[in-house]
Amino acid sequence: MQDASAVRTQKLYYKDAYQTSFSARIISADGRDLVLDQTLFFPEEGGQSPDRGILAGCTVLDVQIRDGEIHHILGDPLPAGLTPGTEVSGEIDGPHRFSNMQQHSGEHLFSGIMYRRFGLENIGFHCSDREVTLDYNGPLTAEQLQAVEREANAAIVKNIPSEVRFLYGEEAKTAVYRSKLDLSGEVRVVTFAGVDACACCAPHVARTGEIGCLKVVGVQNWKSGVRVNILCGARAMELFDRDHALITGLSRYLTTSPEEVFGLVTRMREEKAALLTRIRQMETERLLERVGRAEATDGSILFFEASLEQKPAREAVNALASRAGKYAGIFIGNDREGYRFIIGSLHADAREAANLLKQAFNARGGGQPAMVQGSVKAAEAQIRTLLSTVHT
Ligand SMILES: [Zn+2]
């Protein structure tokens with residue numbers, strides 16, 4: 001039994017990383033912030049997100065460590081009567097904790113192998129429910145990354161036991177392990193014999209076999225090195241399940257084998273691009289044919305097209321301008337989304353047409369007396385009425 005006045009919370013997760021339920025006495029209860037004499041809840045520390053669970057019947061939202069004191073932040077107000085000295089029971093989310101142990105032990109194997117084989121140091125670790133990231137202080141090739149992944153999985157298969165030791169004073173200074181910071185006092189070193197020894201505050205699996213498997217799922221340049229994303233155990237399996245369902249569903253939809261999906265989609269994209277080019281050519285040819293047939297008028301000649309590129313639109317406007325007493329215009333788009341327009345004029349001022357559209361429909365754009373360009377949100381019928389056109 002620990003003295004209730006002790007400041008430091010006893011870390012039960014160091015005694016047994018697999019235990020999920022415990023009881024403890026309240027040291028202080030400040031609103032929803034609860035401090036106990038001992039706890040199984042691992043706080044947010046060393047890059048790892050905290051344990052989840054239930055304490056005194058309340059959901060634990062967050063766990064933080066300050067000066068050796070572990071604070072449990074509850075989602076609900078503490079039931080009445082729970083004062084310092086009262087015993088409460090708690091239960092951590094076991095599968096969540098075990099998953100974190102798998103990810104973290106996997107990280108140690110991976111970083112130990114990375115350091116031994118390529119001399120890169122792990123300078124950042126982040127393990128949340130969303131992702132697991134490892135930062136290294138130098139560049140890495142795809143082949144090197146794969147070699148580390150393979151060796152880590154080989155170490156998992158060997159089912160190597162973990163060993164945790166607390167080192168003090170001279171021993172802490174002379175022992176060989178990673179993450180050797182200027183730590184005063186005790187240093188907790190987690191060792192997987194023959195693979196890695198590293199200073200660490202977190203719970204770990206008893207044997208590497210429990211990690212199940214380790215998969216690299218992402219890599220990107222990070223500062224002067226790389227950031228690697230990994231997943232271990234069930235979390236790697238979940239990703240495999242998702243990706244496998246995706247690729248088999250896609251290959252079934254495309255009636256091809258998973259191996260052929262990439263080649264088929266590439267060909268489909270190329271075919272689509274070729275078809276789009278052909279459609280644009282046909283649109284242009286069709287428009288220029290209609291432009292060629294347009295009769296001369298004292299008024300305006302306006303064409304409305306669903307889609308057309310800029311160059312043929314300008315060509316059409318130039319061809320029509322000599323036959324229009326007022327404006328020659330091409331409007332590209334539809335009534336719902338509006339139109340891009342080019343309006344030309346040989347005998348009037350095209351800027352006046354743009355002004356009419358601005359006043360009536362808040363259109364944007366402008367240009368020279370001979371040609372204006374812009375965009376307008378209005379229906380074809382409204383535009384035709386406004387510009388007093390001869391219908392074409
Ligand atoms: Zn660690």
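Modeller: Happy to! Ala56 sits in the loop that links β5 (53-55) to β6 (58-66); strands here are DSSP runs of E with at least two residues, helices are runs of H or I with at least four, and both are numbered from the N terminus. Before we go on, this is a predicted model, in which local features need pLDDT of at least 70 and side-chain atom pairs count only at pLDDT 80 or more, while totals for chains, interfaces and linings use all residues. Residues are numbered from 1 along each chain as its sequence is written, and side-chain values use heavy atoms, leaving out hydrogens and water.

The angle you asked about is phi: in Ala56 it is near 50°, a positive value in a residue other than glycine. Ala56 has a relative accessible area of 15%, so this residue counts as buried (buried means under 20% relative accessible area, exposed over 50%, and partly exposed in between, with a 1.4 Å probe and protein chains only).

Now compare Lys223, in the loop between β14 and β15 (225-232). Phi of Lys223 is also positive, near 50°, and this residue is again not a glycine. Lys223 has 77% relative accessibility and therefore counts as exposed.

Strand β14 (residues 214-222) also holds Val219. With 48% relative accessibility, Val219 counts as partly exposed. Setting aside neighbours within four places in sequence, Val219 is in contact with Leu145, Val226, Arg227 and Val228, where contact means heavy atoms within 4.5 Å. Further along the chain, Phe303 is 84 residues from Val219, and their C-alpha atoms are separated by 52 Å.

Another strand to visit is β4 (residues 38-39), which contains Thr39. Thr39 is buried because its relative accessibility is 0%. Its side chain makes a polar contact of 2.8 Å with the side chain of His72. A polar contact is a pair of N or O atoms within 3.5 Å; within protein, one must be able to donate a hydrogen and the other to accept it, and residues adjacent in sequence count only if both atoms are side-chain atoms. Beyond four places in sequence, the contacts of Thr39 include Thr9, Phe22 and Ile70 as well as His72.

Next, the helices. Helix α2 (residues 94-118) and helix α5 (residues 233-253) have axes that come within 7 Å and cross at roughly 90°. That makes α2 roughly perpendicular to α5, a label for angles of 65 to 115 degrees; under 35 is roughly parallel, over 145 roughly antiparallel and the rest oblique. On the α2 side the contact uses Ser99, Asn100, Gln102 and Gln103, and on the α5 side Gly233, Ala234 and Arg235.

Finally, Gly325 lies in the loop between α7 (310-321) and β17 (328-334). Its relative accessible area of 23% makes Gly325 partly exposed. Not counting residues up to four places away, Gly325 touches Thr297, Asp298, Gly299, His347 and Ala348.

Notes: Axes are lines fitted to C-alpha atoms, for helices over the stretch in contact, and angles run from 0 to 180 degrees between N-to-C directions.
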